[in-house]
Amino acid sequence: MEGVSYQRFPRVKIRELRDDYMKFELRDTDSSMANALRRVMIAEVPTVAIDLVEIEVNSSVLNDEFIAHRLGLIPLTSERAMSMRFSRDCDACDGDGQCEYCSVEFHLRARGIIIVKLRRGQELRLRAIARKGIGKDHAKWSPAATVTFMYEPEIHINEDLMETLTLEEKKTWVDSSPTKVFDIDPNTQQVVVIDPEAYTYDDEVIKKADAMGKPGLVEIYAKEDSFIFTVESTGAIKASQLLLNAIEVLKTKLDAVRLSEDTVDADDFGELGAHMRGG
C-alpha cells in the first residue's frame with residue numbers, strides 16, 4: 001500500500017560480556033536479518049593474518065609450508081583492521097601488499113618456540129607479512145570461533161490440565177525433557193519453567209504429554225522476532241568489537257544495495273565491490 005512503511009528498528013540487549021565471549025538479545029527483527037548478522041560476523045568482518053612468509057633458516061622437523069600454514073592461523077590483534085586497506089585495493093604499493101597502509105611486517109628469530117618444537121641446535125628464522133582479509137577468502141581471517149543464534153522460546157503450561165496429574169506423573173513429565181527446562185516447586189508442588197532458553201525444540205515434553213493422554217498440557221512457540229546470540233571470538237578482536245564491526249559492515253552492504261537501485265554497478269563500491277560479486 002502506498003505510503004505505508006514496514007521499517008523496523010531492531011534492538012540489542014547485552015546479557016553477558018567478556019573479552020572473548022558475548023551473549024546478547026536481538027529483538028524486533030526477523031530471521032533474515034539475524035542470519036545476515038551471523039554470517040557477517042563469521043565471514044565479512046576484516047582482521048589481520050599472516051599471508052606471506054619468507055623463511056631464511058629452518059632446521060626443524062617441519063617443512064616450510066607447514067610452518068607458514070601454522071603462522072597464518074595464529075590470531076593477531078586486529079583492532080585497527082577496519083581502518084586498513086585491502087592489499088588488492090592499496091594504491092600506495094600498487095597492490096603489492098607490503099606497505100604500512102595494508103600490511104604489518106614481522107620478523108622471527110628463535111631457538112625455541114611453541115609453533116614448532118626445536119631440538120638443541122635447531123633454528124627458525126623468518127620474515128612474515130600480515131595483511132587485511134575476511135573469512136570469506138580464508139578461515140584464518142575469520143574473527144569468530146563460534147556464532148550461533150536461537151529463537152527465544154515462549155512456553156505456556158496449561159495449569160488446569162497440569163493439576164489433573166499426580167505428583168509422580170508430574171515428575172515423569174518434567175524428566176522427559178532432555179534439558180533442565182522445568183522443575184517442581186517444592187512448596188506448591190506445581191510445575192514451573194526455570195530456564196526456557198534451555199529448550200532445544202526437541203518436542204519431547206509435547207510427545208510425553210500426548211503419550212500420557214494429556215494433549216495441550218504445554219504449548220511452546222518460537223518468538224519469530226526475538227533471537228538469542230552467542231558469540232565467541234578467536235582473540236583477534238574483542239567479542240563486543242566483533243559485533244560493532246559486523247553492524248558497520250552490514251550497514252555498508254545495505255547502503256550498497258540501495259545504491260544499486262540507482263543502476264550503480266557493484267564495481268564502483270571500491271573494496272566492497274569485490275566481495276559483493278562473490279555473494
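1. Phenylalanine 24 and phenylalanine 229 are both buried. Buried means under 20% relative accessible area, exposed over 50%, and partly exposed in between, with a 1.4 Å probe and protein chains only.

2. This is a predicted model: local features need pLDDT of at least 70, side-chain atom pairs count only at pLDDT 80 or more, and totals for chains, interfaces and linings use all residues. Residues are numbered from 1 along each chain as its sequence is written, and side-chain values use heavy atoms, with hydrogens and water left out.

3. There are six aromatic pairs in the structure. Rings of Phe, Tyr and Trp (its six-membered ring) pair if their centres lie within 6.5 Å; planes under 30 degrees apart are stacked, over 60 edge-to-face, the rest tilted. Phenylalanine 24 and phenylalanine 229 are a stacked pair, 4.8 Å centre to centre with 10 degrees between the planes. This pair links distant parts of the chain, 205 residues apart: phenylalanine 24 is in strand E2 (residues 21-27), phenylalanine 229 in strand E9 (residues 218-233). Strands (E, at least two residues) are DSSP runs, numbered from the N terminus.

4. Tyrosine 199 and tyrosine 201 pair edge-to-face, at 5.2 Å centre to centre and 65 degrees between the planes. Tyrosine 199 counts as buried because its relative accessibility is 2%. Tyrosine 201 is partly exposed, at 32%.

5. Ring pairs also build a cluster from Phe24, Phe149, Tyr151, Phe227 and Phe229.

6. Two lysines deserve a look. The charged end of lysine 132 sits over the phenylalanine 86 ring, 4.6 Å from its centre. Lysine 140 lies over the face of tryptophan 141, 4.8 Å from the ring centre. The criterion: NZ of Lys or CZ of Arg within 6 Å of the ring centre and within 35 degrees of the ring normal.

Methods
Helix = DSSP H or I, 4+ residues; strand = E, 2+ residues; numbered from the N terminus.
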